[in-house]
Amino acid sequence: MSHVPLHVVAVGAHPDDIELSMSGLLIRFARSGHRVTWIVATDGAAGDGGRDQSLARRRSAEAEDGAAVGGASLVTLDLPDGQLAWCSDAPALIGARLAALAPDLIVTHAVNDYHPDHRAVARIVGDTAPIGVPVLRADNMLGLHFMPDLLVDVSDVFDMKLEALGKHASQASLSMVEAVRIWNRFRGLQSGKLRFLHAEAYAVDQRLSASACSLLDAMGGCLVF
């Protein structure tokens, strides 16, 4: 990676979203000496299908532990889980936080992700990202309905990714861990490179594609389509 320290900011809708879809890339940045911040938009209170504030507190602690494994600072916004699509406070709050953090690169959800909270975060980040800051869109769950511009080799940090995901004991299950193994192995095979045992896939916002690709140019283990 570049020797110039960057500030990479990830924005996920729920307390375990970053670990699931984008933590491999973020851990690679952190291990290379870059500053990494994770923003979790919602309180996670709907993680069991209801509105449980004790669960929200537990998930906040799990998010802290997951970010610590990833070498990242954590920002929690505590917006209402499951209600981002019509939460009028969300754009101003997320936009203000992005402006204050002054990132060099933003990583967030895809605009066609399966969950309405994910899609709301994707839209809000696209609308409020500071001008000129490149945005990467993380893979949809299991790679469904997603066409990557970029594959990132996360083989060397894959165990750390699973460790971070495992901190979410209130949500994580053996089936989810196995799904992540298969998902990232599929993306590794898609690269056509033997060393990509596990990979994460990303799309680049087209309006910012040149700047995003130049930022990632120096990163070893990336395949740009």
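Count the contacts in the protein chain between residues at least 6 apart in sequence: 79% of them join residues at least 24 apart. The model is predicted. Its protein chain holds eight helices and eight strands. Of the 225 residues in the chain, 54% are buried.

Strand β2 covers residues 35-42. Seven of its eight residues are buried, leaving the strand mostly covered. Strand β1, residues 7-12, runs parallel to β2. Six bridges join the two. In one of these pairings, V9 has T37 of β2 as its bridge partner.

β2 also pairs with strand β3, residues 73-79. This pairing is parallel too and spans five bridges. D78 is not a glycine, yet its phi is positive, near 60 degrees.

Strand β7 runs over residues 199-204. How many of its six residues are buried? Six of the six are, and the strand is mostly covered. In a regular strand the side chains alternate between the two faces of the sheet. In β7, both faces are covered. A199, A201 and A203 are buried on one side. E200, Y202 and V204 are buried on the other.

Two strands pair with β7. Strand β5, residues 135-138, is antiparallel to β7 and joined to it by three bridges. Strand β6, residues 150-153, pairs with β7 in the antiparallel sense over four bridges. Y202 of β7 takes part in both pairings: A138 stands opposite Y202, and L150 also stands opposite Y202.

## Helix α2

Is helix α2 enclosed or exposed? Seven of the nine residues of α2, residues 23-31, are buried, so the helix is largely enclosed by the rest of the structure. The buried residues are S23, G24, L25, L26, I27, R28 and F29. The list includes R28. After α2 comes G33, with a positive phi near 95 degrees.

## Where α4 meets α5

Two packed helices are described by the angle between their axes and the distance between the axes. For helix α4 (residues 90-101) and helix α5 (residues 116-128), the axes come within 9 Å. They cross at roughly 55 degrees. The two helices are therefore oblique to each other. Their crossing is right-handed.

Which residues make the contact? On α4 they are A90, P91, I94, G95 and L98. On α5 they are I124, V125 and T128. By class, the contact has six nonpolar residues, two polar residues and no charged ones. An α-helix has 3.6 residues a turn, so residues three or four places apart point the same way.

Helix α7 spans residues 174-191 and contains R181. R181 is partly exposed, at a relative accessible area of 37%. Leaving aside neighbours within four places in sequence, R181 is in contact with F158, L162 and H198.

The C-alpha atoms of R181 and L142 are 9.9 Å apart, although 39 residues separate the two along the chain. L142 sits in the loop between β5 and β6. Its phi is positive, about 60 degrees, and L142 is not a glycine. L142 counts as partly exposed because its relative accessibility is 42%.

Helix α7 also holds F186. F186 has a relative accessible area of 40% and is partly exposed. The C-alpha atoms of F186 and G143 are separated by 8.7 Å. Along the chain, F186 and G143 are 43 residues apart.

Terms used: Residues are numbered from 1 along each chain as its sequence is written. This is a predicted model: local features need pLDDT of at least 70, side-chain atom pairs count only at pLDDT 80 or more; totals for chains, interfaces and linings use all residues. Side-chain values use heavy atoms; hydrogens and water are left out. Axes are lines fitted to C-alpha atoms, for helices over the stretch in contact, and angles run from 0 to 180 degrees between N-to-C directions. Angles under 35 degrees count as roughly parallel, over 145 as roughly antiparallel, 65 to 115 as roughly perpendicular and the rest as oblique. A crossing is left-handed if the near helix is turned anticlockwise from the far one by less than a right angle, and right-handed if clockwise. Contact means heavy atoms within 4.5 Å. Ala, Val, Leu, Ile, Met, Phe, Trp, Tyr, Cys and Pro count as nonpolar, Asp, Glu, Lys and Arg as charged, and the others, Gly among them, as polar. Buried means under 20% relative accessible area, exposed over 50%, partly exposed in between (1.4 Å probe, protein chains only). Two strands pair if DSSP finds at least two bridges between them.
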